[in-house]
Every structure is written in structure tokens, then in C-alpha cells.
Amino acid sequence: MRDLLHPRVLLVLAVLVGACFVNTKFVPHHENSNPILQLFLHLEPAGLVTDAHGSHGDAGAAEEHATEEHGAAEHGATEHGATEHGATEHGATEHGADEHAADAHGHASPYLLAVPMAFLPKAFDMDRVDSNGTTLVLTNLQVFQIAAILLIFICFSGVPSYLRTGRGDVVTRLFAGFALWLRDETVIPVMGKEEGTKWTPYFLAVFFFVLFMNMSGLLPHAATATSSIFVTGAMAATTLVCMLVFGMVRQGPISFWKHLVPHVPIFIWPLMFVVEVVGLVIKPVALMLRLFATMTGGHMVILAFMGLIFFFAKTYGAGPDSPSAIGYAVAPLSVGFGVFVMIIESFVVMLQAYIFTQLSVIFINMAMHPEH
């Protein structure tokens, strides 16, 4: 009991509870006429808004309103291009478009933090209200990324002292064991003792960063950052950068690219070089897709089981205000399967963190030591 009240344990709980509170307080409610689609909207990253529960804080409604206005403007512009429309309609259309642009440009952003980044592609735009340019906003996924980083510092702050003195709290003892296991069973067997000891801190950070983000998705009112392909893509990009940079540092810039291709006849060397370069890129892409698909797929299965309750209630009901009791009779079965998948997910979150780290170790070591 004394270990559970240790300041480090309380700090861990405070970080987790704080992240879940922020996700509940500042993320707008998802609204959709289809209850199943409304459930699946929880998998999308959501920007943190100042008034998440107010009429003006619903970013989804604002996005729908902006989309309707944008579609109406495009429809008006299309009609304006028709031959039968006169100059009067042309002036009215331009006037309406100017008013729409002024409203969109002068709209006060509802987000807690929004940074205009006009030079970024539109795919990175998170401001669904103002469609002018690209804007990055603070999302709930970033909150849990920050929480994962804080948890790493909190959980490992006492590990060095524990390894020297043998004294520490329950969190320190637990993560010291994890650190030694990851070093002795994952990094050193692949990289060797000298090289593996140098790389252990990095791979410890990778493993627990992915693990804490994965595990956060199992908490109530939380979000899973690794269910976003942008997050897993950034993690895979760090592995690719390490492969290229440390591979060229260890072998030399020219030798690195030369050693990509094994000993083959000279006439097929150009083709093999292209194949090996593509293979070099595909390795981290596989890391990105595996982690993203596994974490997203698990949550989709759970939400699908929960959605069956609303689906049957709506399908067999007499109307939207009188759902069928027979429909809700599937609730125990749906909840039971959902709980079963959640139990499997608690194992999968650790397995995926281990696989991502293990493959990163192998890929980086292969880039530095092609002979292996």
C-alpha cells in the first residue's frame, strides 16, 4: 500500500488522469445522424477547442457548415458558367463569394492553439472551419503524445539510482526490469554488446513511447495516438533517418550506397540498385502501416460490436423515438465480444511496441553492417 502512494506512482496517475480530462473537456462532441458513424468518428484526431460543449465549440458542426457554404459557392459558380445566366447573376455570385471569403477569413478560430502554415500541403490542414491555407492545431492525439513523453521521464527518473544501490519504489523496479530485458534480449543480441549498449537508451525511448501511446487507448475518455498514420509515419521516418545517417557514417557515404547491391553481374547492377533503394524505403513504410493498421483495426472491431446495439435498435424499432427492445437484446452479446477484444488489445499494445522496436533494431543494424 505504501508503494501505491509513492510520489512517482501519484505522478503517473496525475499525468494519465490529466490527459483524459483534457480529452474530455476540450474535444467537441461528435454529431452524426448515423449512430454507428458517430462511434467511428472517435478514431479521428480532434482539435482542442475553447468551448467544446457549447453551440460555437462544435468543430464538426462548423466543418459541416463551412462545407455546405463552400459547396453552395461552387454550385453558384458552376451555374454562373452556364450560357443562359446574365451579367446580373454574375455580379450577385461574385458578391456572395466575396462575402463568404470575408466571413471565412475573419472567423475567430475556436481552437486552443492554431498555427498558420501556408507552405504545408493541404493534407496537413487541421482547421476544418477556415479553409484558407493550411493551419496546424493542437489535437487530442498530441496531448497523449506529450503524456507519453512525461511518463517516460517519470518512470525512468529513478532507474539509474536503483541499478546502483538496489533501492527504489515499485515503478522504478518494474521499469528497471523492462530496461534490462530490452537491452539484453532485444538490442545486444542483434547489435553486439559494445554497439548495443550505446543504442539502448534510444530504443528504450522508442519502445516506451509507442507502448504508452498504445496503452492510452485502453483508458476511458482517452485517444490512441498510434491510430493516426501521421504519428506512425513520423516514428517510421526516425528509423529511416537513423538507417541512412548512421549507415553512411559507419560505412562512408559512397560505400553505403555501393554496398546496397550484393555481388551481381554488372549488366543487372542498375536494376538491382533500384530494387534495393525501394527496399530500403519499404522497410520503414512497413513499420508505419503495421502499427497504424493494428491499432486502428482493434478499435474498429470494438466500435463495430458496440455499433450493432444501435443498428438493431434502429432497424427493428417502430421509429427513431421508439427503438425496439429486441434490438437492445443484442447488447450483452455485443458488450461481451467487445470486452473480449479489449482483453486481446491489452496484449497487442505491448506486442506491437516490441515488434516496432525489434524491427527498428534489425533495420538500423543492417544499414550499419550490411555484411550481417
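Predicted model: local features only at pLDDT ≥ 70, side-chain atom pairs only at ≥ 80, totals over all residues.
Two or more lining residues come from each of the helices α1 (7–26), α2 (35–40), α5 (140–156) and α11, with α11 giving the most, namely 4 residues. When the lining of this pocket is sorted by class, 15 residues are nonpolar, 13 are polar and 1 is charged.

The second largest pocket has a volume of about 500 Å³, and 21 residues line this space, of which Pro45, Met126, Gln142, Ser228 and Phe230 lie nearest its centre. The elements that give two or more residues to this lining are the strand β2 (135–137) and the helices α5 and α9 (229–251), and the greatest contribution, 5 residues, is that of α9. The lining of the second largest pocket comprises 14 nonpolar, 4 polar and 3 charged residues.

The residues that line the largest cavity are Leu287, Arg290, Leu291, Gln352, Ile355 and Phe356, and the elements that supply two or more of them are α11 (269–315) and α13 (331–368). Of these lining residues, 4 are nonpolar, 1 is polar and 1 is charged.

On the surface, Phe124, Ile229, Phe230, Val281, Val285 and Leu289 form a nonpolar patch, and together these residues have about 480 Å² of accessible area. At least two residues of the patch are supplied by each of α9 and α11, and α11 gives the most, with 3 residues. Phe230, a member of the patch, is also among the residues nearest the centre of the second largest pocket. Valine 281, another member of the patch, is placed in helix α11 and is partly exposed, because its relative accessible area is 40%. Helix α11 also holds phenylalanine 312, which has a relative accessible area of 24% and therefore counts as partly exposed. The C-alpha atom of phenylalanine 312 is separated by 7.0 Å from that of tyrosine 328, although the two residues are 16 residues apart along the chain.

A search of the whole structure finds 3 salt bridges. In one of them, arginine 8 is paired with aspartate 169, and the closest N and O atoms are 2.4 Å apart. This pair links distant parts of the chain, since arginine 8 belongs to helix α1 whereas aspartate 169 lies in the loop between α6 (159–165) and α7 (170–191), 161 residues apart. Both arginine 8 and aspartate 169 are buried.

A further salt bridge joins arginine 250 to glutamate 195, with the closest N and O atoms 2.8 Å apart. Here too distant parts of the chain are linked, arginine 250 being in helix α9 and glutamate 195 in helix α8 (residues 193–216), 55 residues apart. Arginine 250 is partly exposed, with a relative accessible area of 41%, whereas glutamate 195, with a relative accessible area of 14%, is buried because this value falls under 20%.

The side chains of arginine 183 and aspartate 184 also meet in a salt bridge, at 2.8 Å from N to O. Arginine 183 counts as partly exposed at 30% relative accessibility, and aspartate 184 is likewise partly exposed, with a relative accessible area of 34%.

Notes: Residues numbered from 1 in each chain as written. Heavy atoms only, no water. 1 Å grid on protein atoms, 1.4 Å probe; cavity = no way out; pocket = protein on both sides within 12 Å on 5 of 7 lines; lining within 4 Å. Nonpolar A, V, L, I, M, F, W, Y, C, P; charged D, E, K, R; others polar. Points joined across faces, edges and corners; volume = space filled by probe spheres on them. Patch = residues over 30% accessible without salt bridge, like charges linked within 9 Å, V, L, I, M, F, W, Y side chains within 5 Å. Areas by Shrake-Rupley, 256 points an atom, 1.4 Å probe, with all protein chains shown as cover. Salt bridge = Lys/Arg side-chain N within 4 Å of Asp/Glu carboxyl O. Buried < 20%, exposed > 50% of the residue type's maximum accessible area, 1.4 Å probe, protein only.
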